[in-house]
Each structure stands twice: as C-alpha cells, then as structure tokens.
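Please work through the exercises below with the structure at hand. Each task is followed by a stepwise solution.

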Amino acid sequence: MERRAAQAAITGLGITEQGKVYGPSAVGFAVDAIRLALDDAGLEAKDLDGLLVNPGLSWGQAAQMGSFAVQQAMGLRDLRLSAAMNLGGATAGAMVMQAVLAIEAGLANHVACVFSDAPLKPPKPRDGSGGGSGSSGAYAFAGGLEAAYGAFGVNGLYALLASRHMHRFGTTHDHLGAIAVAERAWAQHNPRAQFHGKTLTLAEYHASRWVAEPFHLLDCCLVSNGGLAVIVSRGDRARSLAKPPVWVRGMGQGHPGGDPLETLASGAPLAARDAFAMAGATLADVDFCELYDCYTFTVLVTLEDYGFCAKGEGGPFVADGRIGPGGALPVNTGGGQLSSFYMWGMTPIGEAVIQVRGEGGGRQVAKHDLGLVSGNGGVLSTHTTLLLGREPR
Amino acid sequence: MSATEFPKPVPKATPELLPFLDAARAGRLAVQRCGACGTLRFPPRELCSRCWSREVEWTDVSGRGEVFAFYVMHQVYHPGFVADVPYPVVVVKLDEGPTMVSNVVDCPREKLRIGLPVEVVFEEREGVALPKFRPRAP
C-alpha cells in the first residue's frame, strides 16, 4: 500500500485529574485536557487548526455541536477541521484516525482530539437511602417492552454475551477475575489510577457484589469525571516539538453489524486487517496492548478477536497472569478502565502514548516499540484499531 | 407485596407494538414478517434489514423456544423491581428464529440454564397481557 509522505504522530497528551473531581463542567474538563496536551507538546492554542470532540454522557445540549462549544470556550480561531463524533467507546480511535487522514490530505497540521465527561455529582450532605443507580436513564425508556421485564442498562447486555461465552466455551469467573486482578496490579504503579493503593486478590474479586450476574461489580469499569486529550500533528512538525513523537503506524475500523449474541465477536478482525497492513506489522511485533475494557469480558473477547488466542480460548489465555505486570503480554498497563479511570477510548490511547514514550515509571514495559490500542463501542458494535510506535511507517 | 409497592413499567401501546399487545391479549405470541421476503423479526422495526422493504405483516408463532442467554439483575434501576432483585432477565430464541427479551416464570433459579426449553405464558399487568415464558418438556 502506497502511503503519503506526510504521516502523523501524537505529540501532546493531556490528562486532567480523574475520578471524583467536582467543579468543572464536561466542556470545562475538555478545555483543561486540551490545554494540558498543548503544554505537553510545547504548542500554543493558535497552533491548533483542527478540533475533534467526543462528548460524554453528561454533555447534554452541548453535545449537539460539541466541537463548536469547545472552540468557543477556548476562543479558538480559524479552525480548518471540526466535528463532534460518536461511536461510543470507539470514538477516540476514530478521532485520531480522522485527524491523521486530514493531516495526510494536507487539510490540517495540529488536531486536538478530546473526550470529557462529568457524570459524578458531589455526595449529598444527608445520606440518602441508596436507591438504584442509573435510574434517570431507565425512566427514559420505562415505557418500552424490555423495561417491563426489568431489563435495564448496558451491564445486562454485556452480561448476556458473557453468559453465552461461558456456556459455549467453558469460560469461568476465575478467567474474568484474572483480568480484573491483572489490571488492578498494573494500577498500583499508576498514581493517576482511581484504584491506586488498593490491591485486589482473586478471592476479593469473587467476594465483590453481583451487579448483573455473571458480572460482579469488579467486572465493570469505573465511572470518572475528567478529560483526556491528545494532539495529532503532521510528521515533519512533530519531530521538533517537546516530546518524542508517537507515530500512528497503522489504523483501521471494523463495525460488524448483526447480533453479537450469535457471534460473540467484535469488529477487531476487520479493523486489525487494515491497521496491520498499513503498519507492515504482525501480532508478533506488538510489545504491549491497551484494550478497551468496559468489562473484564470485553478484554477477553478482544484478545481472541485479534488472534492472540483462538475463539473461545480467551479464558485460559489470561488465567496464568500472562497479561499482568511481569507477564508475557502486558495488557492495560495503567490499570485500564477497570482500575484507573473511565475516559472511554481515550484511556487506552493515553496509556499507549505514555508507554511508547517510555514515561511509564514503575509500570513501563521493557520493549515499547509498538503498542496495539483498541476502541469498542455499543455492545461489541463499533471497533477501532490503532498501532502506535516509536518510529514512523 | 406491600400496599405502597411501586408499579412496574407497562409497555405503551405504540403503533409499532400494538399488534403484538393485541395478539398477547388474545393469548397468541406474534412477531413481524417482512411482506416482501418473509423474514421474521422482533422487536418491531420500520424496515426489513434483509431487503429494506417496508411491507410488513404480523404472524403468530408457536410460543416455543429455548433460553438463549440470561443474566441475573441485582441492581435496582426502577422502583417497581425493588422487591424482585435479584431476578433473571432472559433472551429466548423462538423455534421460528427471532429472539425476545423476557422473564422465565415457574422456574427456580438453580433450574434456569441456557438451552432450557420454554413456552409462552401471559401475565396480566394493568390491562396488558405480558408474554413471559415457563419451562416445558423438550
């Protein structure tokens, strides 16, 4: 495949405080994250000519034209590229991909890509009686047929997939728990992680309360306030900035359609085909993975779908500590969304940037030439692959 | 249970769902059938995803199928289910092909499993006959 010379790299990374952080609005967190990313790159706001925004659930009306809202909030002038995008958890990868395509087409030089959200509210002074979580969302479709059966929320939709995977392939709670334990172990080396300083054993995983059985609470990702932005820059300009460029070596999308309950598969195979072809790489070249992890189960399926193991063998693959610190295949080295923070597809991209640069501190992987980053949205509905590396294509 | 128990949600008789609810009222389980290519589908949709036709009719199905997937809900998303948690939510694969989100009744938790043969029953809820499923002989 012939590639244009321009190429593109991630040159700036901005991560706000994460978790139970109150005060800024969702748009405010987006601005903060972009400002941090510009500082990290050694760029100024006037250098930006592209802005791609993934509004989280709490954006409300501002989500409609989210990139314009951020542009106005920052006082940015004369952008050449602007869009709010939404493919759920695959959006972050798709934003980076869109930025690279625009840069390679000569239509932008420095594109900020940002996700932010502020769904958590400060605790009330008086202790409420602790009713159900997410009830406001449920009421919105309480007139529907599924609500009549008590079928609410995304936890249940992924739990259905997990129930079938367990039935078809013999996947166990020990397998799912191994993923939770591995990510928590990584999080102990990530000072930004919401579970930093809180270790987890497999026994404690098993003891955590049920949410939507077969999912324990600790099969499910965190909820976080905060923002995370990256700057994608034209290759020739990337080399002269403050940090070593993190090159976009390969990229692809895959959105399979149909019913995932039948296939138990994501769009990873389709997305990976384009990404690995572009990078001229194979799985054997991947030094570490940052995989979208809304649930432990999502990691298991994603490992299968990239071909690290055969379909159905994800459980045994992760069971022996292979993906944790010191394991043969480092996965979600910052603790992922299960144990660090939930910035949708930006969580894995941000950690990959840290690892490729070699800024991982106590969690830095030894070899970090090429990282595989996945995004996953809906219920295995949308998928993106990024291959990020130390050298250009 | 108590007199103050919050009512569970009742499906709205939208134009899309009305034929389904009417059939249930008459003790029949119905799904959509594409008027052009004959593909069965549920829940109701505007067009056939196979041939894109808007031609549609409703057809009765046997009401027999098997549990295809399930989870046990422990979270309270709606006050009507406070007294029910934990309760199973199932996806039933009908013998005719389509799948349906529902509940299984007359089935202890330890008997509920993927592959369990089930048949439809109708539960009264505020004037609506709500299709649910119960175990049957294979």
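The exercises that follow concern a predicted model and treat a chain contact, a helix pair and a pocket.

**Exercise 1.** Determine how many residues the contact takes from chain A and from chain B, and what area is buried between the chains.

*Solution.*
1. Chain A contributes 32 residues to the contact and chain B contributes 34 residues.
2. About 2900 Å² is buried between chain A and chain B, and carbon and sulfur atoms give 61% of this area.
3. On the side of chain A, the greatest losses of area to chain B fall to Leu145(A), Tyr149(A) and Phe152(A), together 24% of what that side buries.

**Exercise 2.** Classify the packing of H7(A) against H12(A) by the angle between their axes.

*Solution.*
1. Helix H7 (residues 173–187) and helix H12 (residues 296–306), both of chain A, pack at an angle of about 100°, and their axes lie 8 Å apart.
2. Angles of 65 to 115 degrees count as roughly perpendicular, so H7(A) is roughly perpendicular to H12(A).
3. The residues of this contact comprise six nonpolar, two polar and one charged.
4. Among those in H7(A) are Leu176(A), Ile179(A) and Glu183(A), while H12(A) supplies residues including Phe297(A) and Leu300(A).

**Exercise 3.** Describe the volume and the lining of the second largest pocket.

*Solution.*
1. The volume of the second largest pocket is about 980 Å³.
2. Its lining has 39 residues, and those closest to the centre are Asp259(A), Phe42(B), Pro43(B), Arg45(B) and Thr99(B).
3. H10(A) gives the most to this lining, namely four residues.
4. By class, the lining residues are 22 nonpolar, 10 polar and seven charged.

How values were computed. Residues numbered from 1 in each chain as written. Chains lettered and ligands numbered in written order. Predicted model: local features only at pLDDT ≥ 70, side-chain atom pairs only at ≥ 80, totals over all residues. Heavy atoms only, no water. 1 Å grid on protein atoms, 1.4 Å probe; cavity = no way out; pocket = protein on both sides within 12 Å on 5 of 7 lines; lining within 4 Å. Points joined across faces, edges and corners; volume = space filled by probe spheres on them. Helix = DSSP H or I, 4+ residues; strand = E, 2+ residues; numbered from the N terminus. Nonpolar A, V, L, I, M, F, W, Y, C, P; charged D, E, K, R; others polar. Axes fitted to C-alpha atoms, helices over the stretch in contact; angles between N-to-C directions. Parallel < 35°, antiparallel > 145°, perpendicular 65-115°, else oblique. Contact = heavy atoms within 4.5 Å. Buried area = accessible area lost by both parts, 1.4 Å probe.
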